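This report describes a single protein chain from its computed geometry. It goes from the whole chain to single residues.

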Amino acid sequence: MSSIQRLTRGQLVRRRFMRNKLAVFGLVTLTLVFVLAFFGPYLSKHKWDELDFMYLLQPPSREHWFGTTQIGGDVFALTMRGLQKSLIIGLLVALFSTGIAAMVGAFAGYLGGRVDRAMMWLVDLLLVLPSFLLIAIMSPLYRGKTWLVFVVLLAAFGWMVTSRIVRGMAMSLRERDFIRAARYMGVPTRTIVFRHLIPNVASILIISATLDVGGTILSETGLSYLGFGIQPPDVSLGSLIADGTNSALTYPWLFSFAGGALVLTVLSVSFIGDGLRDAFDPGAATGSKS
């Protein structure tokens, strides 16, 4: 009993997470996906932007592990490039959107009044807007330009739900004794928010950011599939899946490797997110099973 009492919150969370076999499987798989995406290209002698005209539309072989495209592109190199791009976009959007949600929700919940009403009005407005359609309409803004504009657009429409959750928690925390003591001592509002409020909702933010990675990868894939995401000559999983869809039955290697990478990545992130939720809030898992 004494050894259990000495465990910190971080150790308890880590222990609960490690007991979740699906979460551990997702973590290991996602780690392997990252390693393969960023170090796999060094194992192949072919680059994603090079063409081999001696091997046009060839199945997987010793020369081209995942086969080649209609114009001689190496599918393995293209898949690794697309996986890199999708993972980077997913991580950046999750980071930016979670940061925005944390600040908006914490300030709205702590300050209340007009500030809260104004911020929640903006949140409600963005929630009712068809974000997928708006990003598609604004796609000319980043065509021929840096793909970071695409990241900004995805992040701009991905923080509202989390901000509402953070707001509710901040409204509860602002009545706690340690927040009141800081306020009476004259601690600036921004210090209270960043030093006291946001760290106390970190568990929600970590879970949200994790799940946002998978959601963003799916959104990016859908937009790229329709031609509104990553633009040629660059590639992502979505653009690779779009290019291989028409040949999925006749030349399956053009579709299956990118599609498999997408499914494996999103499933792994989902398992990790569920594991983190249950680790931070064990009552959530018990309640969902009852």
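Helices (H or I, at least four residues) and strands (E, at least two) are DSSP runs, numbered from the N terminus. The model is a predicted one, in which local features need pLDDT of at least 70 and side-chain atom pairs count only at pLDDT 80 or more, while totals for chains, interfaces and linings use all residues. Residues are numbered from 1 along each chain as its sequence is written, and side-chain values use heavy atoms, with hydrogens and water left out.

## Overall layout

The protein has 14 helices and zero strands. Its C-alpha atoms fill a box of roughly 75 × 50 × 35 Å along the principal axes. Of the 290 residues, 42% count as buried; buried means under 20% relative accessible area, exposed over 50%, and partly exposed in between, with a 1.4 Å probe and protein chains only.

A contact is a case of heavy atoms within 4.5 Å. Among the contacts with a separation of 6 or more, 70% come from residues 24 or more positions apart.

The protein carries 26 positive and 16 negative charges, whose mean positions are 13 Å apart. Lys and Arg count as positive and Asp and Glu as negative, without His and the chain ends; each charge is placed at NZ of Lys, CZ of Arg, CG of Asp or CD of Glu.

## The loop between α3 and α4

H46 lies in the loop between α3 (21-39) and α4 (75-111). D74 belongs to the loop between α3 and α4 as well. H46 is buried because its relative accessible area is 15%, and D74 is buried because its value is 2%. The two residues are 28 places apart along the chain, with their C-alpha atoms separated by 6.6 Å.

Leaving out residues up to four places away in sequence, H46 touches D52, E63, H64, D74 and A77. With neighbours within four places likewise set aside, D74 is in contact with S44, H46, E50, H64 and G67.

Both side chains also make polar contacts, meaning pairs of N or O atoms within 3.5 Å; within protein, one atom must be able to donate a hydrogen and the other to accept it, and residues adjacent in sequence count only if both atoms are side-chain atoms. A polar atom of the H46 side chain lies 3.1 Å from the backbone oxygen of E63. For D74, a polar side-chain atom lies 2.8 Å from the backbone nitrogen of A77.

L57 is placed in the loop between α3 and α4. Although L57 is not a glycine, its phi is positive, at about 55 degrees.

F39 is found in helix α3 and is exposed, with a relative accessible area of 54%. Between F39 and T68 there are 29 residues of sequence separation and 20 Å in space, C-alpha to C-alpha.

## Aromatic pairs

The structure holds seven aromatic pairs. Rings of Phe, Tyr and Trp (its six-membered ring) pair if their centres lie within 6.5 Å; planes under 30 degrees apart count as stacked, over 60 as edge-to-face and the rest as tilted. Two of these pairs are listed here.

| Pair | Centre to centre | Angle between planes | Class |
|---|---|---|---|
| W65 and F76 | 5.1 Å | 70 degrees | edge-to-face |
| Y251 and W253 | 5.6 Å | 70 degrees | edge-to-face |

W65 is partly exposed at 39% relative accessible area, whereas F76 is buried at 5%. Y251 counts as partly exposed at 32% relative accessibility, and W253 is buried at 10%. Ring pairs join W65, F66, F76 and F257 into a cluster.

## Helix α12

S239 is placed in helix α12 (residues 237-245). It counts as buried because its relative accessibility is 10%. The side chain of S239 reaches the backbone nitrogen of S236 at 2.8 Å.
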